[in-house]
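Dear colleague,

I am handing over the structure we spoke about, together with some notes on what turned up in it. Please read the notes with the structure open beside them.

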Amino acid sequence: MCGIIARIGHGDAAETLLTGLENLEYRGYDSAGIAVQNGSGVKVHKCSGEVSELKSQLEAHPNGNMGIGHTRWSTHGPPTDENAHPHTDTVGDVAVVHNGVIDNYDELKADLRSKGHEFESDTDTEVIPHLIDEYRAETGDTETAVRKTVSTLEGSYAIAAIVDGEEAVYAARKGSPLVLGLDDDEWFLASDVPAFLDYTDEVIYLEEGDLVVLEPDSYQITDLDGTPVERSSDTVDWDPEDAGKGEFDHYMLKEIYNQPTSLSNTIEGRASDGEVSFENLTEGTFSDVDAVQFVACGTSYHAAMYGGQLLRSAGIRTEVLRASEYESTTGPVDENTLVVAVTQSGETADTLEAVREATSRGARSLAVTNVVGSTAARTADDAVYIRAGPEVGVAATKTYSSQAVTLALLTQQIASDVPGGEPAADKATLLESLQDLPEHVEEVLESSQAEAVARERLDSQSYFFIGHGLGHSVALEGALKFKEITYEHAEGFASGQLKHGPLALVTDETPIFAVYSGRGDEKTKTNAIEARSRGAPIIAVGPDDHSLADAADTNLSVPDTHPVWAGLLANVQLQLVSYHAAKLLERPIDKPRNLAKSVTVE
Ligand code: F6R
């Protein structure tokens with residue numbers, strides 16, 4: 001949802017800014033731009049389209065040791081050259097990039113217009129450079145002007161600004177992420193670490209209300225009143241290699257194939273000797289919890305459904321709520337309610353808002369996230385990391401698997417801590433079979449027939465996904481992934497619901513992917529067979545030892561394992577089906593239209 005970057009140091013900035021923007025394109029790719037400062041004015045280059053378009057339009061990299069950059073996911077105004085960032089004031093002395101939404105931009109714009117400022121774009125952002133310009137004229141000092149500007153803004157922002165003739169980058173954040181990167185002879189600011197991971201792994205996660213001034217040889221962080229604040233630095237343990245595409249055609253495929261490794265990392269040290277232990281959650285952490293609410297969006301919501309069902313079957317009162325619907329769907333909340341925010345990025349506005357709402361009603365909060373230092377991790381009372389490593393493809397794959405495993409483990413700890421909770425009767429077997437999951441995923445990846453299935457069913461009218469119990473959330477996730485990257489119509493249903501309406505749509509043009517967990521999943525089998533007798537091709541996705549496999553047209557089989565993990569293996573098969581279908585349809589797999597990875601607006 002827009003990525004910003006800034007760099008100041010010795011030597012030219014443009015190359016670094018452009019590479020950084022490419023690494024941030026998962027946040028938006030409608031338009032891109034950079035501005036650099038080279039002592040003879042602020043030079044802005046921007047256009048609609050991806051960063052590659054911007055690069056192809058730049059005949060030579062503009063000179064300048066400091067600059068800012070932006071890759072956009074449009075909120076205010078279509079993706080045109082004019083609406084691309086950076087934006088400037090009327091004379092072009094101040095250039096600004098912004099991630100977030102300025103709620104009071106209309107009134108600010110009207111006021112600025114009445115003072116003679118001229119605007120060129122439809123964006124909310126453009127008021128920011130004009131305000132800085134206005135306050136510079138009033139106070140004679142840029143830092144004071146930036147401070148006054150951000151205290152005038154309502155809404156959310158991470159901004160970076162450069163000003164003609166000044167060897168400095170000014171930046172501030174509220175409600176949108178901003179990370180400072182510290183290298184030996186250069187500083188960076190960015191929405192996320194991969195933007196500068198090629199150069200440094202030493203970072204400071206800026207806090208709400210921080211204002212930063214970077215100069216070539218120093219930086220200072222202050223609060224909104226101008227009081228200096230100390231922020232400690234962290235070392236990021238992501239390998240720059242993890243952020244690249246490697247030998248794969250797409251990030252999505254790389255990330256699907258990375259799952260044996262990412263799952264091993266998720267599990268490491270957390271499930272041994274028949275017990276679950278999280279590094280930062282001591283035994284008894286949840287002893288005063290009497291109800292759990294999961295809040296999440298999209299794929300993370302499907303992982304939360306997975307965890308929610310396991311927790312419910314461990315005897316804990318559990319709700320799984322779509323974060324955007326929190327206010328209208330929550331049951332009673334008090335200090336014994338644990339709200340678990342499941343969010344890969346840790347920045348999803350709907351999820352953060354749901355947590356704020358729950359905590360304002362007294363709930364205690366826990367973030368389950370992939371991104372260290374993300375807003376969710378910093379604002380929740382506790383955080384558990386899923387340790388999946390960076391995920392760049394807009395369609396979430398490996399993070400779903402790591403979320404579901406983390407939640408399954410968390411379920412066991414909560415059920416042990418809460419009086420009356422019932423950890424799985426076969427906990428030892430469950431945890432033992434979890435150790436085989438990475439290898440089982442490897443087997444699926446090596447033997448999958450997903451490409452052939454995708455090819456065979458390519459010209460279908462609609463794609464249905466059904467599943468029961470844990471398989472229901474996998475079916476919903478399979479359908480979401482499929483529609484997201486193929487642009488074909490796909491729907492997920494609880495197996496037993498097919499006959500209550502959707503069956504009317506079933507023809508020989510509606511293949512049904514039936515996710516079954518093997519033993520005892522009669523609902524999926526019966527409903528799939530009913531659909532088959534109406535002509536629907538059935539693709540059974542699950543272990544081979546089930547009679548549905550014999551009744552289906554095709555099987556995408558998974559190794560036999562504990563039923564809790566079988567759904568995750570089925571999901572890997574479905575990830576591959578979506579990927580291959582999208583590839584055959586020549587879709588832009590890593591950057592599906594209209595979507596962005598990190599949705600920081602409500
Ligand atoms: C789909 C997808 C999205 C995200 C959703 C929540 O492939 O990636 O549905 O799952 O936007 O994002 P996070 O997990 O960052 O809160």
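Which residues does Asp133 touch, not counting residues up to four places away in sequence? The model is a predicted one, and in it Asp133 touches Asp89, Val94 and His117. Asp133 itself sits in helix H4, which covers residues 127–139. Between Asp133 and Ala171 there are 38 residues in sequence and 15 Å in space, taken from C-alpha to C-alpha.

Strand E8 (residues 169–174) is antiparallel to E7 and is joined to it by five bridges, and the two strands make a hairpin with five residues between them, where Gly165 in the turn has a positive phi of about 85 degrees. Strand E6 (residues 94–102) also runs antiparallel to E7, with nine bridges joining the two, and one of the pairs is Val96 with Ala161 of E7. Strand E7 (residues 155–163) is largely enclosed by the rest of the structure, because nine of its nine residues are buried. Both of its faces are covered, with Gly155, Tyr157, Ile159, Ala161 and Val163 buried on one side, and Ser156, Ala158, Ala160 and Ile162 buried on the other.

Thr411 lies in helix H12 (residues 398–417) and counts as buried because its relative accessibility is 2%, where the cut-off is under 20%. Leaving aside residues up to four places away in sequence, Thr411 touches Gly307, Leu310, Leu311 and Ala314. In helix H17 (residues 522–532), the buried residues include Thr524, Lys525, Asn527, Ala528 and Ala531, and among the elements that cover the buried residues of H17 are strand E22 (463–467), strand E24 (512–515), strand E25 (538–543) and helix H18 (547–551).

The largest cavity holds about 230 Å³ and is lined by 27 residues, with Tyr26, Arg27, Asp192, Ser345 and Val371 nearest its centre; its lining consists of 13 nonpolar, seven polar and seven charged residues. The second largest cavity holds about 110 Å³, and of the 15 residues that line it, Cys2, Trp73, Thr75, His85 and Gly100 are the closest to its centre. Strand E6 gives the largest share of that lining, three residues, and the lining of this second largest cavity divides into four nonpolar, nine polar and two charged residues.

The largest pocket has about 580 Å³ of space, and of its 26 lining residues the closest to its centre are Cys297, Gly298, Thr299, Lys597 and Val599. Two or more residues of this lining come from each of helix H8 (298–313), strand E19 (337–343), H12 and helix H16 (470–486), with H16 giving the largest share, four residues. By class, the lining of the largest pocket has 11 nonpolar, 11 polar and four charged residues.

The second largest pocket has a volume of about 490 Å³, and of the 25 residues lining it, Asp237, Trp238, Arg387, Gly389 and Pro390 are the closest to its centre. Helix H7 gives the most to this lining, with three residues, and the lining of the second largest pocket comprises nine nonpolar, seven polar and nine charged residues.

With best wishes

Key: Residues are numbered from 1 along each chain as its sequence is written. This is a predicted model: local features need pLDDT of at least 70, side-chain atom pairs count only at pLDDT 80 or more; totals for chains, interfaces and linings use all residues. Side-chain values use heavy atoms; hydrogens and water are left out. Buried means under 20% relative accessible area, exposed over 50%, partly exposed in between (1.4 Å probe, protein chains only). Contact means heavy atoms within 4.5 Å. Two strands pair if DSSP finds at least two bridges between them. On a 1 Å grid over the protein atoms alone, a cavity is a set of points where a 1.4 Å probe fits but cannot get out, and a pocket is an open set with protein on both sides within 12 Å along at least five of seven lines; lining residues have an atom within 4 Å of a point. Grid points are joined across faces, edges and corners, and a volume is the space filled by probe spheres set on the points. Ala, Val, Leu, Ile, Met, Phe, Trp, Tyr, Cys and Pro count as nonpolar, Asp, Glu, Lys and Arg as charged, and the others, Gly among them, as polar.
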